[in-house]
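Let us walk through a protein model together. We begin at one residue and then step back to the whole chain.

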Amino acid sequence: MKIIITKDYNSVSLEAGKIIADEVEKNPRAVLGLATGSSPIGIYRYLIACHKEGLSFASVTTANLDEYVGIPAEHNQSYRYFMKDNLFSHIDIKQENIHFPDGSATDLDAECARYSAFLSKTPRSIQLLGIGANGHIGFNEPGTPFDTETHTVDLKESTIRDNARFFSSENEVPRRAVTMGIKNILQAKRIILVATDTKKAQAIANMMKGDISPECPASALRLHDDVYIIIDKSAASLL
Ligand code: GLP
């Protein structure tokens with residue numbers, strides 16, 4: 001693991017954004033695994049700025065980590081909507097190159113199998129990740145075996161509470177999601193995890209220094225040989 005500790009959210013975004021922009025520049029057909037949440041927004045702003053300076057995403061393919069079950073893609077709290085709003089509508093990516101697990105599919109098991117098969121035949125150059133305060137990556141909650149592929153998940157109460165900040169009330173937060181599994185995440189050639197704030201410090205410490213165990217899903221990243229952990233001083237405060 002390469003760990004980069006910087007001063008704040010903006011510098012985390014810059015460090016991570018540069019790695020992704022360099023990859024797209026070197027490899028215009030890069031496949032990017034993307035994440036939602038507040039952590040990647042600054043990275044997406046940086047990529048949009050790079051696009052304004054001439055970086056093209058016209059041949060890039062993206063694969064998002066996860067999606068809620070039970071809210072349609074057009075809903076303003078869906079992860080599809082989030083990505084459109086924060087990145088896709090500001091760059092020249094082609095619609096047909098944007099991929100998500102479909103949380104509205106009628107047969108969710110078939111949808112999970114489809115997405116895993118797609119991920120296996122479309123190797124990601126980079127997988128971007130945030131981390132939940134309980135150590136989750138994507139929506140792989142504590143207890144998820146490391147060999148799990150795309151699956152539906154019942155969100156933990158703590159995750160529902162954490163994500164309620166994006167909704168008008170906790171009741172509106174979907175209880176289920178579809179997520180890439182840890183096995184799918186580890187298939188990416190390079191992984192970048194970003195985190196800021198003291199509320200992530202315990203999860204970062206568990207990920208880097210605790211046991212490699214499903215109790216801390218992010219600890220699985222220690223089994224991968226090309227991982228960047230890019231965090232601010234506050235998130236690093238328990239290391
Ligand atoms: C959600 C997402 C995760 C994300 C996490 C942290 O649960 N499914 O992919 O990493 O939130 O979000 P934030 O970056 O807003 O703290």
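Serine 219 sits in the loop between α7 (201–209) and β10 (227–232). Helices (H or I, at least four residues) and strands (E, at least two) are DSSP runs, numbered from the N terminus. The model is predicted: local features need pLDDT of at least 70, side-chain atom pairs count only at pLDDT 80 or more, and totals for chains, interfaces and linings use all residues. Residues are numbered from 1 along each chain as its sequence is written, and side-chain values use heavy atoms, leaving out hydrogens and water.

Is serine 219 buried or exposed? Serine 219 counts as buried because its relative accessibility is 0%. Buried means under 20% relative accessible area, with a 1.4 Å probe and protein chains only.

Now look at its side chain. A polar atom there lies 2.9 Å from the backbone nitrogen of serine 213. The side chain of serine 219 also reaches the backbone oxygen of cysteine 216, at 2.6 Å. Leaving aside residues up to four places away in sequence, serine 219 touches Phe146, Met207, Asp211, Ile212 and Ser213. Contact here means heavy atoms within 4.5 Å.

Step back to the whole chain. The protein chain has seven helices and 10 strands. Its radius of gyration is 16 Å, close to the 18 Å that the globule rule gives for 239 residues, so the chain is as compact as a globular protein of that length. That radius is taken over C-alpha atoms, and the rule is 2.2 Å times the number of residues to the power 0.38. Of the 239 residues, 56% count as buried.

Notes. Buried < 20%, exposed > 50% of the residue type's maximum accessible area, 1.4 Å probe, protein only. Polar contact = N/O pair within 3.5 Å; in protein donor to acceptor, adjacent residues only side chain to side chain.
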